[in-house]
Amino acid sequence: MTQTQGMSEFTHKLISMLDRIEYRRIDNPEDMEDVARLRRKAYQASDILPVKGDLLIDDLDFDPQAYVFGVYYDEQLISTVRIHHVTPAHRVSSSGTIFPDAINPMLDAGMSLIDPVRLAADPQILNELPAIPYLTLRIATMASDYFDVDRCLSLIKPQHAAFYRRVFRSDQIVAPTPNCDAYKIDLTLLATHVRSVRDKIYKRFPFFQSQPFERRMMFAPPEELNLMPLTILPTARQYLQAA
């Protein structure tokens, strides 16, 4: 039996959906405005807009170790996420701003982290394609591999914790805390021990896997790529075929 023959129906469905997905690193004002509109639409539907102002684009979007991505399905923007690569020498991240007492000891111990935040999906399309979180958080798994980090964080609403425990084998490191940040919502912080659970995650959810050249196009500095790709096609199917 081949690896693809042994996959679940859910995995086959996700890989088929990836054939219609494009990722785009957001690096121009027009695309950033589209991301801001999507964030507003998603946060408004979830009733988590900030108490004051919009704050749907902030200074952290432009941090040199932050990567804002749009996820396009049949060329339509359906979701977005911002990835922070956090190191002892570069400590800028959303989770570190909100829960510094949890993040700083890890960095003081020499750990490196991926902090995926600002996850937002078009609420109407999410109803039609409930797999959007998997398609979007695949970017976090690629970042964890590309930067070879110790932990991948999940700064989330407490009611979403079960999903992250089940899919990413995450452990809670900050208990649910009320009225966090400008959004005044309850948040909790989880962390995945990347190196110890990576193989188990990929075995159960092989659509998270990727080829090295896809990860390079997603996260390499522009000067290493010569020309930034407009869009990046997922390589999970190619990885499985090669395997």
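1. Helix H1, residues 9-18, has five residues to look at first: Thr11, Leu14, Ile15, Met17 and Leu18 are its buried residues. Around the axis they cover an arc of only 155 degrees, which puts them on the same side of H1. The face turned away from that buried side carries the exposed residues Glu9 and Lys13. Please keep in mind, here and below, that this is a predicted model.

2. From C-alpha to C-alpha, valine 194 and proline 123 are 30 Å apart in space, and in sequence they are 71 residues apart.

3. The next points concern salt bridges. Side chains of opposite charge can pair when their charged atoms come close. How many salt bridges does a search of the whole structure find? The search finds 13. A few of them are described below.

4. Aspartate 31 forms a salt bridge with arginine 24, and the closest N and O atoms of the pair are 3.5 Å apart. Are these two residues buried or exposed? Aspartate 31 is buried, with a relative accessible area of 10%. Arginine 24 is buried as well, with a relative accessible area of 17%.

5. Arginine 37 and aspartate 34 meet through their side chains in a salt bridge, at 2.3 Å from N to O. Both residues lie in helix H2, residues 29-45, and they are three residues apart, about one turn of the helix. Aspartate 34 is partly exposed, its relative accessible area being 30%.

6. Another salt bridge joins aspartate 148 and arginine 195, with 3.3 Å between the closest N and O atoms. Aspartate 148 lies in the loop between H6 and S5, and arginine 195 lies in helix H8, so the pair ties together parts that are 47 residues apart in sequence. Aspartate 148 counts as partly exposed at 40% relative accessibility. Arginine 195 is partly exposed too, with a relative accessible area of 44%.

7. Two aspartates have a backbone angle worth checking. Aspartate 181 is not a glycine either, and its phi is positive, about 60 degrees. Where does aspartate 181 lie? Its place is the loop between S6 and strand S7 (185-193). Aspartate 181 is partly exposed, with a relative accessible area of 43%.

8. Strand S6 also contains aspartate 171. This aspartate is partly exposed, with a relative accessible area of 41%. Along the chain, aspartate 171 and leucine 190 are 19 residues apart, while their C-alpha atoms are separated by 5.2 Å.

9. Which residues form a positive surface patch? Arg166, Arg169, Lys200 and Arg204 form it. Arginine 169 is placed in the loop between helix H7 (161-168) and strand S6 (171-180). The relative accessible area of arginine 169 is 37%, which means that this residue is partly exposed.

Key: Residues numbered from 1 in each chain as written. Predicted model: local features only at pLDDT ≥ 70, side-chain atom pairs only at ≥ 80, totals over all residues. Heavy atoms only, no water. Patch = residues over 30% accessible without salt bridge, like charges linked within 9 Å, V, L, I, M, F, W, Y side chains within 5 Å. Areas by Shrake-Rupley, 256 points an atom, 1.4 Å probe, with all protein chains shown as cover. Salt bridge = Lys/Arg side-chain N within 4 Å of Asp/Glu carboxyl O. Lys, Arg positive; Asp, Glu negative; His and termini not counted. Charge placed at Lys NZ, Arg CZ, Asp CG, Glu CD. Helix = DSSP H or I, 4+ residues; strand = E, 2+ residues; numbered from the N terminus. Buried < 20%, exposed > 50% of the residue type's maximum accessible area, 1.4 Å probe, protein only. Arc of directions from axis to C-beta.
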